[in-house]
Structure formats: C-alpha cells, structure tokens
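Please read them with the viewer open.

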Amino acid sequence: MTLTERIQHFFGKGGSKDAAKSRLLLVLQDDRLGLTAEKKEALRKDILEAIRKHLDIDAEGFTMEFVSSPTDQNKMHVSAPVQVGRGTVNFSK
Amino acid sequence: MSGRAIVVTSGKGGVGKTTATANIGLGLASQGKKVVLIDGDIGLRNLDLIMGVENRVVYNIVDVVSGRCQPRQALVKDKRISSLFLIPASQIDQKEAINADQMRDLSAQLKEEFDFVLIDCPAGIEQGFRNAVAAADEAIVVTTPDVSPVRDADRVIGLLQSSLGEPQLIINRMSMAMVKRGDMLDQQDVLDILAVRLLGIVPEDEAVVIAGNKGTPVVLNGGSPSGDAYGRIARRILGEDVPIPELNGHNSLAKRLGKILFGR
C-alpha cells in the first residue's frame, strides 16, 4: 500500500464502497428508466439512424450513455463523430 | 379511533424486516401505545419466534380472514407488554390464501382498536407484498448498506410511491469499522442513491443474534447499540424529534481533514 493509499484509507476514501456506489447508481438508472439492454440498443440504433439521415457520421465512434448524479439531473449523452470532408470533428451533445 | 397501519418491507430477504417489525412494535408499545403486529409472510411464519411467543399461537391470519375464528381469538398477547399483540402467519397455507381486499378489511378493523398496526411484509414484490401494502397507510423500507438490498429497496420504493407515497428508510447492520475503512456505503451514500427520508440507522450488533436466540428483541434490553437505535426509531415514529446520531465511523478531526484534502 502506498502512502497516498494509506492516507486515503484513513479518511475512508479509496475503499470498495466507491465501486459499490458508482455501480449502484449506474444499474439503478437503467432500473428506473425501465431500460433493458435490448431497449437501450434499439434506442441507440434509432438515434444513429436519425442522425445519419442528415449527417455523415462515423458509426464506429458513435456512443450513447446515461449520466446521473445525486444532485444533478439525469442526462443522456450522445457522441457522434461527424465527417466534414477533411478529417473528423467530434460534436458532443 | 383510527390507528396507523405501517408496512415494514424491503424487497430483498434477510435484511432484518422481521427483527425491525418486532423491535419497533415493542418500542411503540413500551411508549404506552396499543400495537398489533401482523406476520404477513404466509407459509414462512417467523415473527412469533422472534417475539418469543411461538408457544402461544393457536389461530393464524388465514383462520381470521377465512372466518374460522374471530380476529380477537387470533391475537397473541405479548408476555412482556400488555398493550402489544401479534397475529401470526399460517405455516401451511400458500400466499394466495389471502387477497388484498381481505388484508385491507382486517387492517381497517384492527385500526379501530389499536394505535398501530405493523405489518411484516414477505420478501419479494409478488402477491404477499401486494397484500401487505394494501393493508397499510404508510411504509418503512429496511435495507442494509450492500449492493443488492439497496437495488431492491430502490425498486420497492418505486412501487410504493405510486400507492402509499414516500416511504421512510431504515439502514440496518451498519458496521462502523467497515464504513471507517471505506469498505461500506455510509448513510449519506445510501441516501444519495435512494433519495428518501431516513427514519434511523441500526448498527451491526451481536445482540440481535442473541436476542433472536432467546426470543427477547433487543429493544427490551437497554444498552445494546441496536436496541437503543430501535428505541429512537419508535420515538421518531411517534413524532418526537430524536436526532440520528452520526454513525459514519469518522472521528471529527479525520472527517474535517478529509474534507480539506479530498473535498468531502
């Protein structure tokens, strides 16, 4: 155990509870939204298709994720790398 | 008179619902209230055993709702406090032996005579859960600070919100040593995740096991950390403003330094 880890441990930081909390927040988000892995994939495909009707985007780099925090509102983050002639620009929304 | 019917539920089994029901019931009764406990876990009768009155059971809840006996005949009187009674679950019947309307009627009848009707809900979210919730006006959700009970508690809270409104939370079996090491969710973590009102925290305590062995719930023996916690919970249910002691395991100096160094 490094000194930093030891100090963190003393203050109750760096233990397994951080993993518990982040895993729970993630899984509960899906539970609360009623989103199964299947539904999520269907949503991802629909969004990808919708954007592709209008823009040339890179399907490989397309991602969709949900972000939650106890204090902030829950958000859906969609990231779509857009091909603009020369090179790729990543617009995140 | 119309009493308050409260269901004690959790989703996940084994988190201490029955123990909580027994202790809250005894806590309320020792404050002078007339209390009846209903074991809603049909087929898996346990509340009578935790209460130490298993030898006095004659009739059970299925006998009552099916008209084989009067509710009065099924009431098992507590041996310590005269204002506390129990209606045991049936051991041989299935959960389907009772429906939600029957439970609602029984609860309404009991509320006429008792200040509190406490319903020990079975684990899960099926028929037994729906019956217990149908009989209640308010809900207490019990969880431990572990991932599966918290997840299941969240599910149950979601289900309760549509019927009984916002439940109150008891966090059971909190180990101060583990919280201190950062290896257990603390009260703030659990509240961040579940976003409900905290009714109390019950520390991990060997006295609960011993109490179960003897059939004398911890709240009866002052001085045990868990018994004192249940005593405070009972007073909070009665509307007293009893502060929840900070049981997050940090001493104040370490906590203050931690805040400065790690921003929390």
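1. Which residues line the largest cavity? They are B:Gly40, B:Ile42, B:Lys95, B:Ile98, B:Met103, B:Gly128 and B:Asn131. About 50 Å³ of space lies in this cavity, and a search of the whole structure finds 2 cavities of 30 Å³ or more. A cavity here is a set of points, on a 1 Å grid over the protein atoms alone, where a 1.4 Å probe fits but cannot get out, and lining residues have an atom within 4 Å of a point. Grid points are joined across faces, edges and corners, and a volume is the space filled by probe spheres set on the points.

2. A word on conventions before you go further. This is a predicted model, in which local features need pLDDT of at least 70 and side-chain atom pairs count only at pLDDT 80 or more, while totals for chains, interfaces and linings use all residues. Residues are numbered from 1 along each chain as its sequence is written, chains are lettered from A and ligands numbered from 1 in the order in which they are written, and side-chain values use heavy atoms, with hydrogens and water left out.

3. Chain A has 3 helices and 3 strands, in the order α-α-α-β-β-β from the N terminus on. Helices (H or I, at least four residues) and strands (E, at least two) are DSSP runs, numbered from the N terminus. Of the 93 residues in chain A, 25% are buried; buried means under 20% relative accessible area, exposed over 50%, and partly exposed in between (1.4 Å probe, protein chains only). Among the contacts in chain A with a separation of 6 or more, 29% join residues 24 or more positions apart, a contact being heavy atoms within 4.5 Å.

4. Please look at the charged pair between the chains. B:Asp189 and A:Lys17 form a salt bridge, with their closest N and O atoms 2.7 Å apart. The pair runs from helix α9 (residues 187-194) of chain B to helix α2 (residues 17-33) of chain A. A salt bridge is a side-chain nitrogen of Lys or Arg within 4 Å of a carboxyl oxygen of Asp or Glu. B:Asp189 counts as buried because its relative accessible area is 5%, and A:Lys17 is buried too, at 4%. Both residues belong to a network of salt bridges that links A:Lys17, A:Lys21, B:Asp186, B:Asp189 and B:Asp192. Over all chains, the structure holds 16 salt bridges.

5. Two further salt bridges lie within single chains. A:Glu41 pairs with A:Arg44 at 3.4 Å between the closest N and O atoms; both lie in helix α3 (residues 37-54) of chain A, 3 residues apart, about one turn of the helix. A:Glu41 is partly exposed at 34%, as is A:Arg44 at 23%. In chain B, the side chains of B:Arg181 and B:Asp183 meet at 3.5 Å, N to O.

6. What about a buried charge with no salt bridge? B:Lys17, in helix α1 (residues 17-30) of chain B, is such a case: the nearest side chain of opposite charge, B:Asp120, is 5.9 Å away. For charge, Lys and Arg count as positive and Asp and Glu as negative, while His and the chain ends are not counted. The side chain of B:Lys17 does reach the backbone oxygen of B:Lys12 at 3.4 Å. Beyond four places in sequence, B:Lys17 touches residues including B:Val8, B:Cys121, B:Pro122 and B:Val142.

7. B:Val202 sits in strand β8 (residues 197-203) of chain B and is buried, with a relative accessible area of 1%. Its C-alpha atom is 5.4 Å from that of B:Ser226, 24 residues away along the chain. Among the residues that B:Val202 touches are B:Ile170, B:Arg173, B:Tyr230 and B:Ile233.

8. Lastly, some backbone angles to check. Most residues other than glycine have a negative phi. B:Arg173, in strand β7 (residues 168-174) of chain B, has a positive phi near 60°. B:Ala195 also has a positive phi, about 50°, and its place is the loop between α9 and β8 of chain B. B:Ala195 counts as exposed, at 53% relative accessibility.

Terms used. Polar contact = N/O pair within 3.5 Å; in protein donor to acceptor, adjacent residues only side chain to side chain. 1 Å grid on protein atoms, 1.4 Å probe; cavity = no way out; pocket = protein on both sides within 12 Å on 5 of 7 lines; lining within 4 Å.
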